[in-house]
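Please keep the sequence and the 3D view side by side while reading, and find each part as it is named.

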Amino acid sequence: MKNEILLVNQKLRGLANHLKLLLVLFAVLLTSSLSAQSVVKGKVTDADGTGIPGVNVIIKGTTTGTATDADGAFSMSIPDGTADPVLVFSFIGYTSQEQQVSGRSSIDVKMIADTKELNEIVVVGYGTQLKRDITGAIVKVQSDVLQQTASYNVIDQLKGHAAGVDIISASAVPGGESQIRIRGSRTMVANTQTPTATSATTDAGNANSADGPLLVVDGIPYSGNLNDISPSDIASLEILKDASATAIYGSRGAGGVILVTTKRGTSGKTVFSYDGYYGTSKVMKELRVFNGAEFAQFKKDANYALTPAEQAAQAANVSTDWQKLIYQNAPITNHNLNVTGGSDKSKYSMGANYFKQGGIIPNQDYTRYTLRSTMDHQLSNRIKVGINTINTVSYQNTPGGSGVASGLMRLTPLASPYNPDGTVNLLPQVGGVDANVFSPLTLKSNSGALLSRTRRLRTFNSLYGEVDIIKGLKYRINVGLDYYQDKSDSYLGPNVWGSGTSLQSQSQASMRNSENWQYTVENLLLYEKTLNEKHKIGFTGLYSFQKNHYQTSYVTAIGVPLDIMQNTNFYPAQSTTVGGQYDNVFQERGLISYMGRLTYSYDGRLSATATFRTDGSSVLSPGNQYYSYPALAAAWNITNEKFMAGTPVISNLKLRAGWGVTANQNINPYSTLGALGTSVYNFGQGASGQQVGFNLNSLPNNSLKWQSTSQWNVGLDFGIIENRITGAIEVYNQQTSNILLPISLPPTNGAGTTFTNAGKTKGNGMEISINTINIKKDNGFIWTTEFNYFFNREQIVALSTPSSDPGNGWFIGQPLNVIYDYKKIGIWQTGDPGLTTQTSPTQQAGQIKVLDWNTAGAVKKGDTGYGVADNKITPDDRMILGNFQPKFDAGLSTKVAYKGFDLSMSFYARMGMKVVVPYVTSEPAGSNYTGYSFFNQARVNQLKVDYWTPTNPTNAYPQPNGSLGVPFYSSTLGYVDGSFIKCRTINLGYNIPAAFLGKAGISSLRVYVSAINPFVIWAPFVQQGYGPDPEGNGYGGAINAQGTTNAGTPGRQVTVNANNPATRQFMLGLNLKF
Amino acid sequence: MKQFRNIVGGVILIATMLVSNSCTDLLVEKPQSVIAPTAFTTPSGLLAGISGVYNNIRGQYGTEGFTVAQMAGTDEYLEGNGSSSYHRLFTYNGITAGDFSGGFSWYSDINALNGILKLGPTTPGLDSATLKAYLGQAQFLRAFLYFYLVQTYGNIPLHTDFITVPSQADAPAPPNDIYKVIVQDLNHAINNLPNTPTAPFLGKAATVGAAKWLLSKVYLTRGWLNNDPNDFTLAYNTAADLIAKATTYGLGLQTDYADAFNPANDYGKETIFVSDHSNDPKYDYFLTGTAQAGGLGINVTPWLGLSNLVSNVGVESKLDPTKIVADPSSIGPPVYNPMGFVSSGKLLVNRDIQFGRPFGRIRPNISYLLNQAFADRANDSRYWKTFQVVWLENAGSGGGGNSTLNGVYSGPGVQGTRGTLQCGVDTAIWFSDYEVPGAPQSKGSWPFKGIIATPNMQYGNLYPYMKKYADPSRPNQNDPSTRPFVIARFSEVYLIAAEAAFKGGGTMQQAADMLNVVRQRAAYRTGKAYAPGGAFGTALPATMVGDPYPAGITLGTAQAAVTITSAQVTLDFILDERTREFYGEAMRWLDLVRTKSLISRVKTWNAAQAGTLIQPTHVLRPIPLDQMLLVTVGPGYPQNPGY
C-alpha cells in the first residue's frame, strides 16, 4: 500500500511539474496585460434590495474577477487597455447579468431570480429544442451532477439521479459494466444458442440487447459500453424516456435513448482545465465464512472426515482467513486535461485522460487512455463543418477472473498459508478431494504465470457538415465512423491459482480477437420558421443508413514451454486448437431509415410534435423488413396563460401528453434462416476419420417481423415559489406486441428453438422528480435537494401459447422474470408426522421441508387437485415466489454550499424485489453445475450459516451432510429480499476564492474529498448475514428448482454471487481552470 | 441563388447515389460463419449431418449423467459417495420428470436423419455408392436412437418426415409402430451398409454386423414386450446368422476376456459398434489439464467407478467396531462411514494418471457380485479382469493424497508402524474378496504394511475399481478418456441368441451352447502371479490370486467346470451371466427392464438401497419435464404412470 502511494505520488509529482510549466507559460501571457488598472465598485441586491453575498463578478472574456462580500458589495480593478469592459454577475438561483462598464466607477445590480428552466436548450435527437417547447419525457443530467461520483463510466455516475432509469451493477471486476433499464423490461428472452464453455452469449446478454437503451454519442448511435468515453468529456446526458421522444429512433427506441453530449469548444479565451483525483478502494467487508474451529465442527456435524493435514492444523489452532490474505486496498487515479478555445469562426477542444483503477484482487486493474478533440469551423457564411474524434485504449486485467472470491470462500481455514520456511504453501488442501487447488497466494507470488487481459482499441468519430440553404432551411450530414477491436489474452501456467496442474506441458494460453465496425450516414433537412412572431414551425427530415460488422476469432494452446512466453508465441506450444463454433463468428447487419418530424409552437403556450419514422432491417424476413413508427405529442405551458398571471405561487406549470410506437431489434443476424450448429466427430482415432458435423438447432421462420411497443405518457412539469421547488411527474403505459420470441420447442419436434412473433407485455409506471432550494440565505448559504422516485410494473399479457409457459419460465399476468420454485416452509424437525406421510421423496429430520400443495396435472384453479396436498413433492408443487422488479426506486441528493464550501450527499434505494444468492444453493441435478458446488456438504468451506443439527433445531438451513449429496430443494435457500437503502456518495469541496487565484492566473480551483459507497443504511440482505452489499452483481449462477430443467430461467435471474466483493472508495480530487 | 441551386443539386445527387447503392445491399443477409438447414442438400452437408448425429450420441454415451443412469438402481450397483446428483436414481426416492432427461435431445438428430433420408436421394453430385453408404448410416442411426428411446420411455412420438415447420404440439405413438420403423430401417441398413468399416465411416461406425446385432436385440426386446415367439425366433436367427458370418464382418471373440478391454483392441474384432472419441483435443472437445467434467460429449467412464482412495486410506487406518452398522446400503440417516473404517496416518497413495480421478458415482454391489454373479472366481476369470483390487504404493515418504500429477514409482514410500512401503513394489491397498482376519492392518497374525480392505469394510468411499475403461494414455490425471465408448461387443450376440433361444426362439440346448461359448472364453487365463514384495513382512508367501490359474486348475478343468447344461439355463442365470460379461458396460438397467426382472432383482439383491421404494411403474422413465411443459398446443403430453 505504502509503495503504491509512493508510486502515485511520483506520478502526481511528474504531472505537477508539467502543470507548473504550463502555469508559468500562461502566467507570462497574463501578466503582460496586468499593468495599469481602474477600479469599479458597487452593490448586488436581490429584488427586495437586500445585498447578496458571494456573487461572482468577472470581466467578460477574462478570468479576472471577484466576489461580493457579506453585504453584497464588491470592488474590483479593471486593467487599463481592456477595450469596452463588460462585467458579468452570476450566482446560483439567479439569471446572470452583464453590465457594460462604459467608464462608470460604480455599478449597482439587481439580480433576478432564475427562470432558466424554460429557456434551457435540450438535445432531443437529430436537433435541439427549447425546454419550454419540449413535448416528451426527457431528463437532462448535467455533468456537475454526474461528477459527484468519481467513476470511469458515466452510467455508474447516473445511478440514482434520473427517475425511471434503473441501473443494476453487473460486474464487480475493475472495468466492469452496469446494466441499464429505462422503464423496465418489455421483452422475454431465452437462450438462443447452446452456450459452450467459452461462449459469450448468455440470457443476460440477450436481455440487454433486447431491453437496454440506445446510446447516442453526439448524434451517432454507439454500440458497446460507455467505458470508452471519459466521463470528464461529457457535458450532459439527455435521457429520452417516452415513445413520443424516442420514436424518432424508431426500431431502436423502445428501451429508451440516452443521448450523450460531449464537451465542445467555445469561442473566446483559451481555457485550460485539469480535473484529477486520487483515491483508494477497499473491500466493504469480507463474506462471513466458517473459521478453523467452526469448520472442524461443521465437518464433524456433516460426518465428513478431516484430512490428516486438517487434523494437524486443528491441533495447532490454525485458522486462516484467506479473504484477508488476498484482498488489498487498491488505488484509483484519474487525470484529465482539457483545452478549449476558438474564435468566432473556429472552435476547438482537446483533451487527454488517464484513468487507472486497481483491483482489490492482486494484479486486477483497469487502465484507460483517451485522446479527444473536437473542431467546429464556419467555412463560409453558409457552410459549417465539425468533427469529434474520441480515441481510447484500455486494458482490463483480471487474473483469477471473477471467481476468486468464491474460491477463497471454499478454501479450508485449517491450512497454513505459508510453509515454515516462509514460502507459499502451494497446495493447502493436501489430502482432500480438492487437493489440486493451488493457493490463491500464487496470484501474488507467481503472478507472471497468470495473464488475463483484454485490450480495447477504439476510435469513435463523428463528422458533420451543415449548409444554410435559405434562411431557416439547413441541410446537415452526419457521418459516424466507429471501430473497435478487442484483444483478449490469457495464459495460465502450472502451479498457480486456477490451474490445477503442476506440469508446464499442461499450461494453457489463448488469444481472442474481435473486431467491430459501424458506419452511419445521416442526411438531414432542417427547417425553422416563425410566423407572426407567435407561430413557430419546425421540420426535420432524415434519410440514414447504417451498417454494423462483427467478427471474432479464438485460438487456444496447450503446453507453452515457458511462463514468460505467456501467449505471445503459439508455435512452440504442444498443441493449438481453434475455439468452438461460437468463438468464431462473422455477423453483419444493416439498417435503412427515413424520418420526418414536425414541430409547432404557439406563443410559448402550446407546442406539438409529430414524428414518423420507417426502419428497414436486414435481420428480418424479406417482405417484413420495414416497419413504421408514428408519434404525436403536445404540451401546454399553463403558466404562460393570462389566467395564471394572478397566481404567483406557481412559477411554472406545463402539461405534456404523448403517444408513440417504437421497437427493438433484438434478434441476431441470420436468425430467420434457421441454423445448423457445427460440431466435430472422428470415426476412429486417425486423422482420416475426422469430420465436421452439423446439428439441427433451430428451424427457419420466413415471416419474422418487427415487434413494437406503443406507449402513452402524460407529464406535468411544475415550479413553485419562484422555482424554489421544481419538478416533474410522469405517468406512462406501454404495450409491446409481436415480441420476437425465441421459443423452446418440445424436444421431440426436431429442433431446440425457433423465433416467432408472439407474446405481448405491458408496463406502466410513474416517475416523480422534485428539485428544491430548501434554504437560500443572504449570506450565501444554500441548501438544495434533488429527489426522484419511480416505479415500473411490467407484466406478460400473452404468450405464444394460450396459457402460461412454465417451461420457459413465463407466466401470464406476472413480471417477465419470476422465481418459480418450491416454497420452503422450514426444516423437517425430529418427529414431524409429515415425515411418515410424505411418500415421495421420503425425507428425514434436518432436510428442507417444502410446501406440498398441488397434485400432478393440476395447473389452474378449478382443476382437480389444485391446491390439494398429495404427500408427493412433484414439479407441480412449485409456485411463483417473487420477482426481480423493485416496488420502487428512489434517489436523493442534497447539497449544502456556503462561502466556497459545498457538501453533497446522495442516497439511493431499490425496494421490494428479490435477488438470488447462488452461494447458498447447490445444483441438484443436470448439467449446469451452477450454484455453490458442495454447499452444506462439508467438502469445502462456505458461508457461515445457522444449520440444523439434532441439538440445534433451526428452520434456517438443513443439516450438513457429507454423504447424501446435494441437499433436497437446495435452490429454495437462495431467494432473498434484495431491498436496500444506500448512501452512494458524500462529497465535500471547497472553491478557493477567485481573489486568491486571479493573480496566479487561475480562474477557479476546487478541491474535494469524496467517499463512494460509504455505507448501507438498510438492507435485509446485509442484516441477515448474506454479505456486505445487496446490490445485484450479475446474472447467472442461479440454479434450477430440483427436478426441473427450466432452460434459461436461472440465467435471467438477478443474482448476488460471490464475485469480486463490493468496495467503498475514498478520493481526494481537484478541479482547476486557468 | 446559383450557389444555392448547386448545393441542393449536389446534395440530391449524393443522396440518390447513397440510396441506390445501399438499399439492395444493406438489407440482404449473407451469412458466412453459420450454416442454414439448406446445407443438407449438398453431399458434404449430408456427411456432416451424419457426423453430427454421431457426435450427439457421444453427448450421452460415456458422459456422466447418461452412463450412471444406465446402471443406477439395479442389482449391480450401489451409490458411491460422489453420486450427489444421482441419489434419486439409486434409491427411487422421489424421481420426478426433471430428474431424467437423457435422450430426448436425440429427436433433433432424428429430424436431421429424416432430412438426410429425404433429401439425400435428390442431392446433386452424389454417386450411388456414396448415397447408399449415407442412407445406410442414417437408417441405422435412426433405428438406434428410436430403440433407446422406446425402451426407456415407452410412450414417445414417431416422426419419420423432415420437420421444417415449428410446432408446439406432439403426441406419443404406439410402441409397436416405433418398432416397425426400427425393424424396417435396420433391414434397409443391412442392404445399404458395408460389411466392414469403410471411409469416411472408420473406427467402428455402423456396418452390416452392427445392424444385425442391433436387429437381433430389437427383435428380442420386442419379443419380451409382446410375448411374441415369432420375434424370439427372428432374434435367434439374426444373431446366429451374425455369428455364422462373423469373419465376413471382421468380428469375433478375443481369446482372452481381458483383451476385449485392452485399449489396443478398442477397434478390434470383438468391438461391434462404438461411440468414438479422439486424442486430438479438437475432435474430443476437451482441453487437457482443465479438469473438464461435463457439459460436452467427453468420455468420463474411467472415473465413475473410482473411489476416493487418496483421501481415505491412511497407513494407520483401523476399524472402529462401535461404528459398524448392519447394512452398508442403508438409505437411512446419513452416515459417512458406516463400517467404521477410520482413516489415520499418512495417506498411502497419490492421485496420478494411473490412479485416475475419483468421481465415485457408482460402486459395486459387492455382496451380489461376490456371492452370486462372481461366486466362482477360481474357474471364471472375469472378476479379476473386471476389478482392480490392488493399489501399489506411489506416494513417497511424505504421504500421498495431493494430486500432484507424478506418483513416485520407486524408492521408499510411506513409513507406518509396520515398516516402510517401497514405491512401485509394495501393495498399499488390497481389496480382498473375502473377510481377512486382522484386517485392515494384518492378515491373521501377519502384519501388512499397507491396508487390507475387506468386503465388509467397503462403503461409499472405499471399494474396488471397475478397470475396463481405464485409460493410461491420458496426459493429465484430470483429463477425460479418449478411448471410444464400446456400445456393443461381439460376446453380446451370443447372449442375445441364448436369451432368444431360452424364450422359445431356439432350443434350450442352443441356449446353453451360446452361453458356453462365452463362459469357456472366460475360463482363459494368462499372466504371472502377483508377488506383493515384502508386503506381508518376510515370511508369508504371496497367495493373492492374480491372472494365473489357482493351484490345481488348468484351462481344461476350468472350461469343463464352467460349461453348463441346458437344464441349468434360467432367466436368472442369463442375467447373472450378463453381469459377469458386461459388468459396468452401461446396459444393466435396460437389460433388467427388457427381461421384466427389474423389480424382482432389485428387491432380491439391492433391497435396502433401492428395493424399498421401487414401484412397478419405475420400469419406464418419466417423460422429461421439458416435453411435458413445452407441448402447449393441442392435448397435453401424457406422463408415464407413477410420476
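**A walk through the model**

R183(A) is buried, having a relative accessible area of 1%. This residue belongs to a predicted model, and in chain A it sits in the loop between β12 (178-182) and α4 (203-211).

A second residue of chain A can be set beside it. N738(A), which is likewise not a glycine, has a positive phi near 55 degrees, and its place is in the loop between β34 (725-737) and β35 (740-744) of chain A. Is N738(A) buried, partly exposed or exposed? Buried means under 20% relative accessible area and exposed means over 50%, so N738(A), at 30% relative accessibility, counts as partly exposed.

The backbone also holds cis peptide bonds. In chain A, one such bond joins S840(A) and P841(A), with omega at about -10 degrees, and P841(A) is found in the loop between α11 (834-837) and β41 (848-850). In chain B, the peptide bond from A439(B) to P440(B) is cis, with omega near 10 degrees, and P440(B) lies in the loop between β10 (427-431) and β11 (442-443) of that chain.

Staying with chain B, we can turn to a pair of helices. Two packed helices are described by the angle between their axes and by the distance between those axes. For helix α8 (residues 208-226) and helix α9 (residues 229-244) of chain B, the axes come within 8 Å and cross at roughly 160 degrees. Angles over 145 degrees count as roughly antiparallel, and α8(B) and α9(B) are therefore roughly antiparallel to each other. Their crossing is left-handed.

Which residues bring α8(B) and α9(B) together? From α8(B) they include W213(B), L215(B), Y219(B), L220(B) and W224(B), while those from α9(B) include F232(B), L234(B), A235(B) and L242(B). By class, the contact of α8(B) with α9(B) has 10 nonpolar, four polar and four charged residues; among the residues that meet are K212(B) and R222(B) in α8(B), and D231(B) and D241(B) in α9(B).

The last stop is helix α13 (residues 366-373) of chain B, whose buried residues are I366(B), Y368(B), L369(B), L370(B) and A373(B). What covers these buried residues of α13(B) includes the strands β5 (362-364) and β6 (387-388), together with the helices α14 (382-386), α18 (571-582), α19 (588-594) and α20 (598-605), which belong to chain B.

How values were computed:
Residues numbered from 1 in each chain as written. Chains lettered and ligands numbered in written order. Predicted model: local features only at pLDDT ≥ 70, side-chain atom pairs only at ≥ 80, totals over all residues. Heavy atoms only, no water. Axes fitted to C-alpha atoms, helices over the stretch in contact; angles between N-to-C directions. Helix = DSSP H or I, 4+ residues; strand = E, 2+ residues; numbered from the N terminus. Parallel < 35°, antiparallel > 145°, perpendicular 65-115°, else oblique. Left-handed = near helix turned anticlockwise from the far one by under 90°. Contact = heavy atoms within 4.5 Å. Nonpolar A, V, L, I, M, F, W, Y, C, P; charged D, E, K, R; others polar. Buried < 20%, exposed > 50% of the residue type's maximum accessible area, 1.4 Å probe, protein only.
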